[in-house]
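Open the model and keep the sequence at hand.

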Amino acid sequence: MSTLKPDAKLSGRQKAAIVLVSLGRRAGAEVFRHLKDDEIEELTLEIAGLGPISAELKQRTIQEFYETAVAQNYITEGGLAYARGVLEEALGADKANKVLDRLSQSIQVSPFEFLRRTDASQILNAVANEHPQTVALILAYIPSETAGQVISSLPDDIQSEVAMRLALMDRTAPEVIHEIESVLERKLSSVINQDFTTAGGVKALVEVLGAVDRGTERTILESLEEQSPDLADEVRRLMFLFEDIVMLDDRSIQQVLREVDGKDLAVALKGTSDTVQEKILKNMSSRAAEIIKEDLEFMGPVRVSQVEEAQQKIVGVIRKLEEAGTIVVSRGGDDDLVA
């Protein structure tokens with residue numbers, strides 16, 4: 001195998017292979033954990049066939065990788081226009097253009113990108129008089145936390161209508177998106193992909209519900225139950241309510257309790273069913289369980305909003321542990337686990 005020259009033209013896989021080799025075994029192995037099996041196989045073969053790499057070529061490739069990663073991060077943070085402005089200031093116009101040109105094939109700036117850095121209250125003012133279908137489309141594309149704040153501030157009847165349309169949304173023609181964007185923002189910050197874009201759906205609604213307060217969550221679910229019981233059941237299967245903690249196995253509950261503040265736990269259990277309390281207390285040490293029981297006994301009246309806030313914190317811990325693969329949350333199906 002001959003040494004790759006500094007001016008050698010490399011494929012994307014070759015560049016990726018050089019970066020992985022440069023990272024070293026430990027860091028390279030960590031990267032591999034986030035790749036698919038076929039990607040690992042392709043990169044492994046590429047690494048095996050690299051041969052000696054000149055120091056200059058290695059430096060050039062790492063520099064390109066760094067610049068590309070920084071550019072992609074800026075794009076994710078604030079859109080293409082924002083990334084270009086930052087890069088031009090840091091690298092100069094020519095270098096910034098070269099970096100963005102390298103990303104041109106993979107950059108996909110989402111519709112309504114200009115709203116990603118907009119305050120929820122401003123978005124609410126912009127959509128206050130829009131049709132529920134239009135509001136649902138916008139919520140499908142903005143961050144779920146912001147979408148949750150917007151939908152929480154809508155009137156109850158509009159909340160349920162928007163939630164229904166968000167859950168049932170599938171594909172939207174680009175010209176429709178373009179027209180709505182034009183109304184909300186005359187100067188677009190991105191170019192709409194000409195293919196149909198997919199957004200919305202039940203999973204999008206679940207993400208939004210995960211960012212709202214318990215009162216809004218309950219109102220929307222109850223309304224969905226009245227309008228479409230099947231859809232409500234599907235949404236519930238995909239999300240986790242505090243009362244659903246009884247569905248966790250003992251080991252998972254113990255994992256959750258390690259991450260939960262005792263004061264939050266006591267408040268969260270205020271007013272819950274005996275079943276929920278028993279399930280949690282039996283997974284604590286005798287001493288810890290006695291402390292929680294004493295806290296509940298002497299706590300006195302607690303505002304509903306405080307209870308809901310504490311429960312949301314614990315649900316957040318459960319969702320975080322599930323996402324990390326530390327615990328498994330049953331969604332009510334028969335194939336959640338394999339014996």
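How much space lies in the largest pocket? About 470 Å³. Bear in mind that the model is predicted.

The largest pocket has a lining of 16 residues. Those lying nearest its centre are Gly 12, Lys 15, Ala 16, Leu 43 and Phe 65. The most comes from α1, which gives 7 residues. Sorted by class, the lining of the pocket holds 8 nonpolar, 5 charged and 3 polar residues.

Now move along the chain to a helix pair. Two packed helices are described by the angle between their axes and the distance between the axes. Helix α16 spans residues 262–269, and helix α19 spans residues 304–323. They pack at an angle of about 120°. Their axes are 8 Å apart. The crossing of α16 past α19 is left-handed.

Which residues meet in this contact? From α16 come Asp 264, Leu 265, Val 267 and Ala 268. From α19 come Gln 306, Val 307, Ala 310, Gln 311, Lys 313 and Ile 314. Taken by class, the contact of α16 with α19 has 6 nonpolar, 2 polar and 2 charged residues.

Conventions. Residues numbered from 1 in each chain as written. Predicted model: local features only at pLDDT ≥ 70, side-chain atom pairs only at ≥ 80, totals over all residues. Heavy atoms only, no water. Axes fitted to C-alpha atoms, helices over the stretch in contact; angles between N-to-C directions. Helix = DSSP H or I, 4+ residues; strand = E, 2+ residues; numbered from the N terminus. Left-handed = near helix turned anticlockwise from the far one by under 90°. Contact = heavy atoms within 4.5 Å. Nonpolar A, V, L, I, M, F, W, Y, C, P; charged D, E, K, R; others polar. 1 Å grid on protein atoms, 1.4 Å probe; cavity = no way out; pocket = protein on both sides within 12 Å on 5 of 7 lines; lining within 4 Å. Points joined across faces, edges and corners; volume = space filled by probe spheres on them.
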